[in-house]
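Welcome, and thank you for joining this tour. Keep your viewer open and your selection tool ready, and we will go from stop to stop together.

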Amino acid sequence: MNALEVKGLNKSYEKFHLKDVNITLELGYIMGFIGSNGAGKTTTLKSILNMVHVESGDISILGQNFIEHEVELKQNIGYAFGGTDFYTKKKIKNITKIVKRFFENWDDNVYEQYLKKFKLDPDKKVSELSEGMKVKYSLALALSHDAKLLLLDEPTSGLDPVARDGLLELFQELVEDGTRSILFSTHITTDLEKCADYITYINNGRIIDSITKDDFIGKFYLLQGPKDKVKLLESSMIAFKTNAFGFTGLIERNRFKEIEGVEYAAPSLEEIMIYYAMKEDQNAEFTI
Amino acid sequence: MNIIISNTSDKPIYQQLFEQISGQIIKGELPSNYSLPAIRTAAKELRISIITVKKAWEELERHGFIYTMAGKGCFVADLSKGEVTSLRNEMVNEKMEKDMEYYKELGLELNEIVDLIKKHY
Amino acid sequence: MLNLLYKDLRLAINPLFFILPLFTGALMLIPGWLYFIVLLYFCFIMLPNVLGGFKAQNDLMFSIMLPVRKKDIVAARILSFMTYELIYVIIAVVFAAINLRLYNDWPMFFLSPNIAFFGLIFIMFGLVNITLFPIYFKTAYNYGWAAIMANIMGVCFAVGMEILALKVEKFYVFMHLWNPTDIIYHWILLIIGIVFFIITAWIAYLISIKRFEKVDI
């Protein structure tokens, strides 16, 4: 079963368009949602949750249409929007008291277990929690009502490397039994290299690709070669840069034929992102 | 079962898994009917994608190194000596084919290749 | 929806605001005063403060992530305001009863806090609500303009009624119950007020959900 299916999502703002976004996430997997700042990650997540008004698009969650079954489906979704805080002067135990009333499947025992596991003190105020602890508190709430789909917006931003690694390990633990899915957005690509099964890459409001991580990385080559070979490849590369010693560029594997003197290797996610961003900039220059 | 994943290697991770596990089976380090860890558990422990592990396990099964019992997991196949040898040869053949192509491209003659192999063995 | 109402009452509002109507209600004990002001304190103080609290606490994001629909959020918000308004009215009624016993023979320049007066109070709150919510739910976030307009509406109605009583003798006579047989009409005015209070809230709800549906959070 699909935990999440987004079809043909469109949303226009004055200066930004989300164009024909399609995402499918099977139950039991982790999907990383990457893209540079302002690429449309948060808007997409908000559209999925009917928080913003979209022009068109179908969202189904756990096989049901979201708009038609909004309230039931929200029972099965857990959220954490990084960087947005609510009721920061309230103790978390008081917030929990309110939140639990909304959920049919709420389990106090599970909640207590996660508080212990995450070392969350129920008498602390939200404002006293570190960024990582806030994410963990959101997760504790979500898991206590047995959320099947976790939608996390930038959960790792603002975390130090150790806390980030711990959180990613937790993500893998959460999907281990195959009954939960996680979709989390990030602009830190190493997060994904560690734990994502699928990658959805968004650039300037368009989904470049939404496939398994291995396929995504396997789709490209990073090329390196002498300057005089640039001409041969210029038209087929996604983007490239030159320096005193030659050029480096990104190309889709199916558009590349081996050329003497040109080295090719699998790129990192970060390199893919950088070259796509360069392409965007080059296009922008042309239109100016 | 020991597995060491290198994130910096050019080899895809699923292939690293496949090579290491099949190698251990051929060498007899993993006895027949040895139970492989569940895909999701292996992914969590190794800190890699579930799909990568799945792909490695599928490759292993396709080559006949392991078999799946629905609901119970994956186990090392019960292989006779002859079967182990033929599996080994199959893998060696696969790799050699690729290598030979590379050598031919570089313009090496058969005797030159043989000499080089002898030198390195 | 009831859970949302509980959330608005428990989480969003400083408990101090539930004590405030006791103090403002006690102002009913000032003899011969302009008693509309007692209830207008709700509009002056409570209304902007509560809406400001929601904004500062990022309540909108918090609410939308709960398993509720947008229209539930609107309904809960309007009902929570009606609850506070009722608390103000009920406490004011208690003090008004004391007022009527203590100062029955005092000369009244302004309207006396009797049954008919509270009918007018319900009409006033009805007008406040129908002004406030449709403007507020254009963003469900910014509240300044909505609060100002609601206050203007409340004050205008109060001033209008007081002037009417001073200028139109019949109305003054009716409101001060000089003909004791009019008591039945006092009760009718109260019921009209309550019905108006409910209908305006309903209309405010219908307009607000339409506007709130279009809001991008």
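Predicted model: local features only at pLDDT ≥ 70, side-chain atom pairs only at ≥ 80, totals over all residues.

## Stop 1: a glutamine in chain A

Start by selecting Q172(A), which is buried, with a relative accessible area of 4%. Q172(A) sits in helix α6 of chain A, the stretch covering residues 161-175.

## Stop 2: chain B on its own

Hide everything except chain B. Its C-alpha trace spans about 50 × 35 × 20 Å along the principal axes. You can count 5 helices and 2 strands here, and from the N terminus they follow the order α-α-α-β-β-α-α. Of the 121 residues in chain B, 30% are buried. If you look at contacts between residues at least 6 apart in sequence, 51% of them join residues at least 24 apart.

K55(B) belongs to helix α3 of chain B, residues 50-62, and counts as partly exposed because its relative accessibility is 32%.

Next, pick N33(B), in the loop between α1 (13-26) and α2 (39-46) of chain B. Its phi is positive, about 70°, although the residue is not a glycine. N33(B) is partly exposed, at 41% relative accessible area.

## Stop 3: where chain A meets chain C

Bring chains A and C back into view. Which of the 2 pairs of chains in contact shares the most contacts? It is this one, A with C. Here 26 residues of chain A are in contact with 25 residues of chain C. Between them the two chains bury about 2,600 Å², with 66% of that area on carbon and sulfur atoms. On the chain A side, select M51(A), Y87(A) and F102(A): these lose the most area to chain C, together 29% of what that side buries.

Stay with Y87(A) for a moment. It lies in the loop between β6 (77-81) and α3 (92-100) of chain A. Is Y87(A) buried or exposed? At 1% relative accessibility, Y87(A) counts as buried. Like N33(B), which has a positive phi without being a glycine, Y87(A) has a positive phi, in this case about 45°.

Before moving on, display chains B and C together. They do not touch, and their nearest C-alpha atoms are 29 Å apart.

## Stop 4: a helix pair in chain C

Finish by selecting residues 70-102 and 115-136 of chain C, which are helices α5 and α6. How do their axes cross? They come within 11 Å and cross at roughly 155°. Angles over 145 degrees count as roughly antiparallel, and α5(C) and α6(C) are therefore roughly antiparallel to each other. Their crossing is right-handed.

Show side chains along the contact. From α5(C) the residues include I78(C), F81(C), M82(C), L86(C) and V89(C), and from α6(C) they include F118(C), F122(C), F125(C), L132(C) and Y136(C).

Technical notes:
Residues numbered from 1 in each chain as written. Chains lettered and ligands numbered in written order. Heavy atoms only, no water. Axes fitted to C-alpha atoms, helices over the stretch in contact; angles between N-to-C directions. Helix = DSSP H or I, 4+ residues; strand = E, 2+ residues; numbered from the N terminus. Parallel < 35°, antiparallel > 145°, perpendicular 65-115°, else oblique. Left-handed = near helix turned anticlockwise from the far one by under 90°. Contact = heavy atoms within 4.5 Å. Buried < 20%, exposed > 50% of the residue type's maximum accessible area, 1.4 Å probe, protein only. Buried area = accessible area lost by both parts, 1.4 Å probe.
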